[in-house]
Amino acid sequence: MRANMTTIREVHTKVGQSVTIGGWLYNKRSSGKIHFLQLRDGSGFIQAVVVKNEVPEAVWEAAGSLTQESSLYVTGSIRQDTRSAGGYEMSVESVEVIQLAVDYPITPKEHGVDYLLDHRHLWLRSPRQRAILVIRAQIIRAIRQFFDERGFTLVDPPILTPSSCEGTTNLFHTKYFDEDAYLTQSGQLYMEAAAMALGRVYSFGPTFRAEKSKTRRHLIEFWMIEPEMAFVDHEESLRIQEQFVEHIVKSVLAHCRAELETLGRDVSRLEKVESPFPRLSYDEAVKYLQDNGHEFAWGEDFGAPHETAIAEKYDKPVFITQYPAEIKAFYMKPNPERPEVVLCADLIAPEGYGEMIGGSQRIDDPELLEQRFASHHLSKEAYQWYLDLRRYGTVPHSGFGLGLERTVAWICGLEHVRETIPFPRLLNRLYP
Ligand code: 4AD
Ligand code: MG
């Protein structure tokens with residue numbers, strides 16, 4: 001590193017000092033006597049001012065030659081400037097060009113989404129994409145902090161699996177030497193084993209769904225947080241979920257104000273997110289839809305328009321509980337008083353962002369679980385180990401999965417989940 005190197009994030013500690021920043025030219029304005037260089041270095045943005053009369057001719061020329069995304073070292077003194085965005089400016093003393101970038105493909109004019117996705121490796125440099133990735137990182141930090149501080153142990157389930165967790169229709173198939181294998185859809189079944197060993201556990205990793213859906217909420221590869229808790233029933237799980245989501249939102253509001261502003265997010269909507277969250281049974285949700293002009297029969301699953309219609313009633317996330325067993329996964333525990341519905345909930349985000357959490361209490365009775373294998377046409381052999389969890393000291397237990405990208409989309413107020421992950425895997429996109 002050069003002498004006196006600093007980052008834009010740190011310039012507030014360097015007022016009055018001469019420092020060097022390594023960065024890229026984001027934009028430039030020039031009058032005959034002054035160049036205003038908009039610089040970014042990853043940690044932030046700053047304006048560096050080059051005054052013709054105050055620098056050697058070579059420095060003036062070098063600054064004038066800079067093109068968009070050229071890389072450079074710039075040295076100068078830092079001063080406070082209330083008019084500039086970050087509150088500080090640099091008075092430039094010298095400029096050392098590392099490379100002049102020629103014809104950077106992303107110009108300040110509007111580009112189509114496909115073009116931007118083709119150039120995702122460069123698009124990441126924009127202030128908006130940077131803000132999203134910073135918020136994503138803060139959300140991940142908040143997630144880990146929430147569980148680490150509450151006695152949960154982080155456990156990593158496998159990525160290559162011999163069987164499905166969430167149904168067989170959207171599995172990614174691959175070969176595992178001579179056997180068939182699938183990329184994991186969810187680590188849940190393994191997390192149940194871990195909960196029987198460690199009590200309260202959570203996983204955080206990538207999951208894969210070969211879903212032929214091209215919606216603003218679906219990714220082929222997405223990250224999921226899956227807590228699993230021994231001796232926790234459905235109701236207690238809901239309380240943990242609402243505290244968890246409140247914690248994430250508060251943490252972003254506390255640490256990412258500048259990024260939320262870059263995104264133009266209406267933070268007053270986020271400030272309303274306090275637990276407890278409203279709870280609506282599936283039955284009540286169906287009635288609400290029917291009373292409000294939707295064609296919807298009991299037993300059907302909600303689509304995006306239904307979820308949005310329900311979410312619009314509230315300014316917080318809302319739980320929809322106790323869905324028909326028929327439309328939910330094989331492992332969910334039936335309501336003992338009403339076995340046609342299961343002890344489950346989906347948490348629907350406000351503002352039309354859809355389902356962000358799916359969770360349930362799990363079947364703990366070995367016989368019922370075996371019946372479910374049969375009715376769901378799941379091979380008993382493949383799930384023997386899972387049945388063992390009910391044979392050897394079964395206990396009531398619950399868990400849930402939060403989709404990271406849908407959470408980021410909602411908190412950032414984004415139109416589409418494709419911007420929430422550095423390199424989105426979409427139905428028609430594996431590049432770059
Ligand atoms: O509702 P899902 O399918 O639940 C499970 O996988 C459970 N095994 C979780 C558990 O109980 N441990 O998925 C959970 C969440 C959804 O609510 C959604 O936020 C996200 O994962 N999700 C997706 N996000 C982006 N793209 C997709 N294709 C997604 N599918 C699910
Ligand atoms: Mg779900």
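1. Is serine 203 buried or exposed? Serine 203 is buried, since its relative accessible area is 2%, where buried means under 20% relative accessible area, exposed means over 50% and partly exposed lies in between, with a 1.4 Å probe and protein chains only. This serine sits in strand β10 and, leaving aside residues up to four places away in sequence, touches Leu154, Val155, Pro157, Met191, Met224, Ile225 and Glu226, a contact being heavy atoms within 4.5 Å.

2. Some notes on reading the model come next. This is a predicted model, in which local features need pLDDT of at least 70 and side-chain atom pairs count only at pLDDT 80 or more, while totals for chains, interfaces and linings use all residues. Residues are numbered from 1 along each chain as its sequence is written, chains are lettered from A and ligands numbered from 1 in the order in which they are written, and side-chain values use heavy atoms, with hydrogens and water left out.

3. Turning to the whole protein, 13 helices and 18 strands are present; these are DSSP runs numbered from the N terminus, with helices (H or I) of at least four residues and strands (E) of at least two. Of the 432 residues, 50% are buried, and the C-alpha atoms fill a box of roughly 85 × 55 × 40 Å along the principal axes. Among contacts with a separation of 6 or more, 66% are between residues 24 or more positions apart.

4. Ligand 1 has 22 residues around it, of which Glu166, Gln188, Arg209, Glu226 and Glu355 come nearest; a residue is counted here if one of its heavy atoms lies within 4 Å of the molecule. An N or O atom in the side chain of glutamate 355 is 2.6 Å from an oxygen atom of ligand 1, and a backbone N or O atom of isoleucine 357 is 3.4 Å from an oxygen atom of ligand 1. The protein covers 94% of the 630 Å² of accessible area that ligand 1 has on its own, as given by the Shrake-Rupley method with a 1.4 Å probe.

5. Helix α5 (residues 188-198) has as its buried residues Gln188, Leu189, Met191, Glu192, Ala194 and Ala195. An α-helix has 3.6 residues a turn, so residues three or four places apart point the same way. The cover over the buried residues of α5 includes β10 (200-208), β11 (221-230), α12 (384-391) and β18 (397-403), and the helix is followed by glycine 199, whose phi is positive, near 90 degrees.

6. Arginine 279, in strand β12 (residues 279-281), counts as partly exposed because its relative accessibility is 32%. Its side chain makes a polar contact with the side chain of glutamate 242 at 2.9 Å, and also reaches the backbone oxygen of phenylalanine 277 at 2.9 Å. A polar contact is a pair of N or O atoms within 3.5 Å; within protein, one must be able to donate a hydrogen and the other to accept it, and residues adjacent in sequence count only if both atoms are side-chain atoms.

7. A few backbone details deserve a look. A cis peptide bond, with omega about 0 degrees, joins serine 275 and proline 276, and this proline lies in the loop between α8 (267-271) and β12. Phenylalanine 231 is a residue other than glycine with a positive phi, near 65 degrees; its place is the loop between β11 and α6 (234-255), and it is exposed, with a relative accessible area of 61%.
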